[in-house]
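Let's take a friendly walk through a protein model together. Have a look at the picture first, and then we will explore it piece by piece.

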Amino acid sequence: MADKSFHLSRETTIAAPPERVHALVNDFHEWQAWSPWEGIDPAMERTYTGAPTGVGAVYAWRGNSKAGEGRMEILESEPQHVAVDLLFAAPMKAHNRVDFTLTPAGDGTHVEWAMTGPQNVVMRLMSKVWSMEKIVGPDFEKGLAQLKVAAESA
């Protein structure tokens, strides 16, 4: 049977300084400009609580069957790293960690977007056909491309 946990990551280089990229990742209000999931449900309900940005900022959503329902909270925020606790309530329950690592690269920023988490029995069985790489990898690629556009056009 497949691994009991998964690790997925994608990387890109953005022609913008780390502080600009950090500002887009560290503020959940900014995610509407680049998150690959924001356009899935135009009527999605969003709730922002806790700190306005950085550690303690919380974003919850509830949408159609494709958008699902969940909650994110920023756990760590430093100039070169943002860690997010991600809890999916629907369509499938999951509890993962998301990390954005921002490394200066010349005049720009190298960005790694990673997600790790446990895989329950159902997820491990499903991974034989649909791995997290296949399910979420393209979304991360789309999100990084949109983050690149948002950061470079500011």
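## Starting in helix H3

Find glutamate 152 and lysine 148: both lie in helix H3, 4 residues apart, which is about one turn of the helix. A helix of this kind has 3.6 residues a turn, so residues three or four places apart point the same way. The side chains of glutamate 152 and lysine 148 meet in a salt bridge, at 3.0 Å from N to O. Keep in mind as you look that this is a predicted model.

How many salt bridges does the structure hold? There are 7 of them. Side chains of opposite charge can pair when their charged atoms come close. One of these pairs is arginine 10 with glutamate 141, whose side chains meet at 2.7 Å, N to O. This pair links distant parts of the chain: arginine 10 belongs to strand E1 (residues 5–14) and glutamate 141 to helix H3 (residues 132–152), 131 residues apart. Arginine 10 is buried, at 17% relative accessibility, whereas glutamate 141 is partly exposed at 43%.

Another pair is arginine 97 and aspartate 99, with a salt bridge of 2.9 Å between their side chains, N to O. Arginine 97 is partly exposed, with a relative accessible area of 29%. Aspartate 99 counts as buried, because its relative accessibility is 15% and the limit for buried is under 20%.

## The chain as a whole

Now step back. The chain has 3 helices and 7 strands. If you read along the sequence, they follow the pattern β-α-β-β-β-β-β-β-α-α.

The chain has 154 residues, and 40% of them count as buried. Its accessible surface comes to about 8,100 Å², with 57% of that belonging to carbon and sulfur atoms. Among contacts between residues at least 6 apart in sequence, 50% join residues at least 24 apart.

## Two hairpins in a row

E2 pairs with strand E3 (residues 57–62) in the antiparallel sense, over 6 bridges. As an example, glutamate 45 has arginine 62 in E3 as its bridge partner. E2 and E3 form a hairpin with 6 residues between them, and glycine 54 in the turn has a positive phi of about 70 degrees.

E3 also pairs with strand E4 (residues 69–78), in the antiparallel sense over 5 bridges. Here tryptophan 61 has glycine 70 in E4 as its bridge partner. E3 and E4 form a hairpin with 6 residues between them, where glycine 68 in the turn has a positive phi of about 70 degrees.

## A buried aspartate in a loop

Where is aspartate 41 found? Look in the loop between helix H1 (18–25) and strand E2 (45–50). Aspartate 41 counts as buried because its relative accessibility is 9%.

What does aspartate 41 contact, leaving aside its neighbours within four places in sequence? The answer is Gly63, Asn64 and Ala67. Asparagine 64 is 23 residues away along the chain, yet its C-alpha atom is separated from that of aspartate 41 by 6.2 Å. A polar atom of the aspartate 41 side chain also lies 2.9 Å from the backbone nitrogen of alanine 43.

Which residues of H1 are buried? They are Pro18, Val21, His22, Leu24 and Val25. Seen down the axis of H1, these buried residues fall within an arc of 160 degrees, so they line one face of the helix.

Threonine 109 sits in strand E7 (residues 108–118) and is buried, with a relative accessible area of 0%. A polar atom of the threonine 109 side chain lies 2.6 Å from the backbone oxygen of alanine 16.

Methods: Residues numbered from 1 in each chain as written. Predicted model: local features only at pLDDT ≥ 70, side-chain atom pairs only at ≥ 80, totals over all residues. Heavy atoms only, no water. Buried < 20%, exposed > 50% of the residue type's maximum accessible area, 1.4 Å probe, protein only. Contact = heavy atoms within 4.5 Å. Polar contact = N/O pair within 3.5 Å; in protein donor to acceptor, adjacent residues only side chain to side chain. Pairing = 2+ DSSP bridges. Arc of directions from axis to C-beta. Areas by Shrake-Rupley, 256 points an atom, 1.4 Å probe, with all protein chains shown as cover. Salt bridge = Lys/Arg side-chain N within 4 Å of Asp/Glu carboxyl O.
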